Number of protein chains: 2
Amino acid sequence: MELKFEDAKALAVEILTSRGMRPDYAGIVADHLIDAAIAGHAFAGLPRVLALVEALEKKPPARPVTIVREDSISAVIDGGDNNGYVTSVIGVDKAIDLAKGSGVGIVGVRNTWFSGRLAYYVERAARLDLVAFHTASSTARVAPYGGIDALFGTNPIALAFPGKDGPLVIDLGTSAATWGELLLRKRTGRKLDPGMAVDVQGQPTDDAAAGLDGAILPWGGPRGGALSLAVQVLGVLAGGNTIVKDVSDYGFFFFVFNPELLMPINQFKTRAEELLDIVRTSRPGLGAERVRIPGASSLLRRAQGQVRGTLTVDDKVYAALQNLRPQS
Amino acid sequence: MELKFEDAKALAVEILTSRGMRPDYAGIVADHLIDAAIAGHAFAGLPRVLALVEALEKKPPARPVTIVREDSISAVIDGGDNNGYVTSVIGVDKAIDLAKGSGVGIVGVRNTWFSGRLAYYVERAARLDLVAFHTASSTARVAPYGGIDALFGTNPIALAFPGKDGPLVIDLGTSAATWGELLLRKRTGRKLDPGMAVDVQGQPTDDAAAGLDGAILPWGGPRGGALSLAVQVLGVLAGGNTIVKDVSDYGFFFFVFNPELLMPINQFKTRAEELLDIVRTSRPGLGAERVRIPGASSLLRRAQGQVRGTLTVDDKVYAALQNLRPQS
């Protein structure tokens, strides 16, 4: 069904606050989920309220987010076991403030869980004419390259650059599949692709349930595996757990800087746009209509969604959300 | 044949200075090539002197490397058209100095060419208890994801972290193959693997000569392609060309920071080592003896090479180098 943004937000906020989340924090989460939904990432939209409720019901109440230490170029943030949708906004906004003041902001966020779409956070910086780099470690579900034990998170990496026609946003996971993809395939009975996962004995499997019990494989062979490890180490440096056994103690790393340290912003935007134009108008490969810029279709879908003012929610998800309303 | 380090260095310095390179710069290049050779990257060792001479003979004399602007957290360096083996050492050492003083160093290097092994530069920072991130754009030989025109360089990314038993060094190219690999396969008549390259019409090819005329493909599908683009954009921000048509105007980006901004160094090293130990002792996949840490075998081979004090040079390469000596 189609939901107006304000109705979707009110529904998410009502459910999340009834599980103890602060109203302002619930609003931050809802805005993120609506943004993800209209950018075309349906699974990262309202269905995440179900996963949040499940996690919240197992946890003691969150404590306030606190700044552990801070100087003009860096900050360490204790997330107080609040979810990452909230702590990541606080983290990137702190990095943005530092970068606006000193030119650079390096921020680590600890004591938090879930991470949302990393694109959402780095884009905030790029829209303010800053460059951002961000990584997040997460629950151990992915094997290291060459291994079969679930040690790493799906460990995404995101980068964003200010641009003439909006930011350039790059956001990639370092696992062959997401946890959500495996859950979806289990539910729908669809087989896994080769190279996605191994079972608990470490044998390759095309069965999603077996993969969920075993380990997801890293993306991109030894190189992807190396990046996955780098995200895990940055997570440790940010104060996350070495191996994240539960839905807690993720480690988020933010690096935001003012590109004017290296080049006047308008010159950078002009030259970056020149580069993107050359890419866009270059010859496409077999079967492709044109060469696409990463993230561009998400940005376009979102712009269209904002005009429409509504988002699509799966009927079953909507029914499940109604069941979670406190008065029901 | 086996060459003692001092003889290899003297030979490289003699040849490079005879083509106009400053003796101290030639020494920096020679040290890098010897390090690459003993780390097991034979092609990145003395054979590179041949490529350097070819490039130097086409170029006007280099100008001095200059600092265009600098503050306590960043610097812009004009490489004066010196080669990247030299300007990258100057660039990373500047970033290290800044990070030692202020906590962070963001450095862009422009007006330079070739880049060497990025691992070599980031490792310098990690050995001084700093974290380093480094990218390099380079000559247009790689298609953007979904395209067939050679627009990007092989665009490597490197990261290094200080560690208890030496640094953790991650260094990866974002192209399906290196230019050197294609040259080698052309010379030896070996076919290209599927997905490595397209010919000048954009058709997949297994012929190395056709691939050299066409374009190398990006590594890692859309995600690898996105990283390749990010390196190109960081190269632009560093002052490199949008599309690097020649052997000049590469753009190098360095980000070095003190991990103590986020966590006491000994705590970080202990926890990172804990993580690496868990990875090393986790169950290996089918056919693997154990799970390996990226870069570890390079570091081990180099340590063994340093004890040996000699490196292996291909006899034909050695003969070619002898031919380049000024007195011959």
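A: A residue is called buried here when its relative accessible area is under 20%, exposed when that area is over 50%, and partly exposed in between. The model under discussion is a predicted one. Because D35(B) belongs to helix α2 (residues 23-38) of chain B and R117(B) to the loop between β4 (104-113) and α5 (118-126) of that chain, the pair ties together parts that are 82 residues apart in sequence. In chain A, salt bridges that share partners join D35(A), R117(A), E123(A), R127(A) and R302(A) into one network.

E123(A) is placed in helix α5 (residues 118-126) of chain A. Its relative accessibility is 7%, so E123(A) counts as buried. The side chain of E123(A) makes a polar contact of 2.7 Å with that of R127(A), and another of 2.5 Å with the side chain of R302(A). When neighbours within four places in sequence are left aside, E123(A) is in contact with A160(A), P167(A), V169(A), L299(A) and R302(A).

Further salt bridges lie elsewhere. Over all chains the count is 38. In one of them, D129(A) pairs with K269(A), the closest N and O atoms being 2.9 Å apart. Since D129(A) lies in the loop between α5 and β5 of chain A and K269(A) in helix α9 of chain A, this pair ties together parts that are 140 residues apart in sequence. D129(A) is partly exposed, with a relative accessible area of 27%, whereas K269(A), at 14% relative accessibility, counts as buried. In chain B, R22(B) forms a salt bridge with D24(B), where the closest N and O atoms are 2.6 Å apart. R22(B) has a relative accessible area of 41% and is therefore partly exposed; D24(B), at 40% relative accessibility, also counts as partly exposed.

Salt bridges also cross from one chain to the other. Between chain A and chain B there are 2 salt bridges. D149(B) forms a salt bridge with R283(A), and the closest N and O atoms are 2.7 Å apart. Several elements of chain A, including β3 (74-83), β4 (104-113), α8 (221-237) and α9 (265-280), each supply at least two residues of the side that touches chain B. Of these, α8(A) gives the most, with 11 residues. By class, this side of chain A has 50 nonpolar, 21 polar and 8 charged residues.

As for the interface as a whole, 79 residues of chain A are in contact with 78 residues of chain B. The chains bury about 6,200 Å² between them, and 74% of it is on carbon and sulfur atoms. Chain A is superposed on chain B by a rotation of 180° with 0.0 Å of shift along its axis, at an RMSD of 0.0 Å. This is the relation of a two-fold axis. The same surface serves both copies, as 99% of the contact residues of chain A recur in chain B. Of the residues of chain A, G220(A) comes closest to the rotation axis, with its C-alpha at 2.7 Å.

Terms used: Residues are numbered from 1 along each chain as its sequence is written. Chains are lettered from A and ligands numbered from 1 in the order in which they are written. This is a predicted model: local features need pLDDT of at least 70, side-chain atom pairs count only at pLDDT 80 or more; totals for chains, interfaces and linings use all residues. Side-chain values use heavy atoms; hydrogens and water are left out. Contact means heavy atoms within 4.5 Å. Buried area is the accessible area (1.4 Å probe) that two parts lose on being put together, summed over both. A salt bridge is a side-chain nitrogen of Lys or Arg within 4 Å of a carboxyl oxygen of Asp or Glu. Helices (H or I, at least four residues) and strands (E, at least two) are DSSP runs, numbered from the N terminus. Ala, Val, Leu, Ile, Met, Phe, Trp, Tyr, Cys and Pro count as nonpolar, Asp, Glu, Lys and Arg as charged, and the others, Gly among them, as polar. Copies are superposed by least squares on the C-alpha atoms of residues with pLDDT of at least 70 in both. Buried means under 20% relative accessible area, exposed over 50%, partly exposed in between (1.4 Å probe, protein chains only). A polar contact is a pair of N or O atoms within 3.5 Å; within protein, one must be able to donate a hydrogen and the other to accept it, and residues adjacent in sequence count only if both atoms are side-chain atoms.
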